[in-house]
Amino acid sequence: MGQIGQLATAATAAGRLVLEALESEHPARSLSRLIDSPRAIRLLRELFVVAARRTFVGRDPRAATRYVNDLLAYRSLPAGGEVARQAEALIRSAIGEPELAHGIPDVRRFELICYVVGDLAGSGGDAIALIDQAERRVARFDRPRNRTIGRRSV
Amino acid sequence: MSKPKRRPVNQGRHADPARTRRTNEGPVHPAAASAGTDHPPWTNAGDYLRAAAGDEAPARFGTPSGPIDDYARRVWHNAFGLAVRRRFKPGSPLAEISRTVATAVHVHEAAALPAIDAEMLVRAELGETVPVDELDPSVLVGVHLLLFASLADELALGDGELDDLVTEAERLAAAESVTPR
C-alpha cells in the first residue's frame, strides 16, 4: 500500500486528515469525526465543491436527483423526503445555484457533505488530486483580499 | 369592445346562497350544486385562489390565516398542477423550471418559500420521481397558492382563462371529494 506516500502528498495537516479519512473503510463516518477540526471542515467544504463540480457539471441537472436517491438508498436513509431535498440542494448549490442551499442547518450540511464526499472522493476517486485542488481553493479564498463578509453558501 | 366582466373577489358573499359559505369550508356539494345548471361550482377556495393570482389576497405572505379545510387544499393543489402542466411539458429543462421557481420565490419573498421544495413540487406535478415527503403543510399551501399566482402571471392568463382554470380545479376537487383518492 502506498498510503504513507499518499499521505505525504497532502500539503496541509487538514489535507492529511481528510485523505486519511477517505482511505478508511467507512469514509463518510471517518470524515464526520473531523467535526472538531475547523481547518478540516473548511477543506471538506471546498472538497465537496470540487467533487460535486467534477461529477455533475456538464451533465443533466436531474443526474443529481438520481445520484442522491441512489446514495441515500444505499445508506439505508429515507430517499423521498427532506434529507434528499437538502442533499440535492447542496450539490446544486455547488454547481451554480447557491440560493438553493440557504437555510440548511450547519450540522445537516456537514453530515451531507461527509456522505457525498465520502462517496465521490472515497470510492476509487482520485482523492489526492481532489484534495490538492480543494487546498488551492482554501488558500485562494482565505487570502485577505478574497475574504467575503458572512459565510459561504457551501 | 367592452372588457369581459371579471367575477368579483368577494369571498363568496354575493354568490348563490345555496353555494355560499362563510369560511373556507368545503362546498355544500359542488357536484350536486352545479348539476343541471351552467354554473361552475364557485367556492371560497376558488375565489381565494383568484385573489392570490391577482395579488389581492393575504396569501402574498404565505399560508392564509385561519383554518383551511381539505377541500380548499385540494382546489389549490389541483389549480397548481393544472398551471404547472400548462406552463411546462414533462421533461422540460430543469434550468427553465428553476428560473420560474426562483422568480416566484423572489416575487413572494415575504413568504420565504424554500426554493428546493417548490421546485420539487413542480417536478412532481410533471410526473418526475422526486422527494416530496415530509413537506410542512404550510409550505405546501404557500407553494400551491403563490406559485400558482406566479405561473398565472408568467402565462399571462386573462380573466376568462384564469376563471376556467380555477373552475376546472374546483371540479376536480369536488370529484375527489365524491370519490376519495
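Among contacts in chain A between residues at least 6 apart in sequence, what percentage join residues at least 24 apart? The figure is 63%. Please bear in mind that this is a predicted model.

Let me begin with the fold of chain A. The chain contains eight helices and zero strands, and its pattern along the sequence accordingly reads α-α-α-α-α-α-α-α. Chain A has 154 residues, of which 41% count as buried.

I turn next to the contact between the two chains. Chain A contributes 15 residues and chain B contributes twelve. On the chain B side, two helices each supply at least two of the residues that touch chain A: α4, residues 94-107, and α5, residues 115-125. The largest share comes from α5(B), with four residues. Sorted by class, the side of chain B that touches chain A comprises eight nonpolar residues, three charged residues and one polar residue.

Now to the confidence of the prediction. For the complex, the predictor gives an ipTM of 0.82 and a pTM of 0.80. Chain B has a mean pLDDT of 79, with 72% of its residues at 70 or more. Among the elements of chain B, α5(B) has the highest mean pLDDT, at 97, whereas helix α1, residues 30-34, has the lowest, at 41. Residues 7-39 of chain B have a pLDDT below 50, and in the model this stretch has 55 contacts beyond near neighbours in sequence.

Definitions and conventions:
Residues numbered from 1 in each chain as written. Chains lettered and ligands numbered in written order. Predicted model: local features only at pLDDT ≥ 70, side-chain atom pairs only at ≥ 80, totals over all residues. Buried ≥ 20, exposed ≤ 12 C-beta atoms within 10 Å, placed from the backbone. Contact = placed C-beta atoms within 7 Å. Nonpolar A, V, L, I, M, F, W, Y, C, P; charged D, E, K, R; others polar. pLDDT = per-residue confidence, 0-100.
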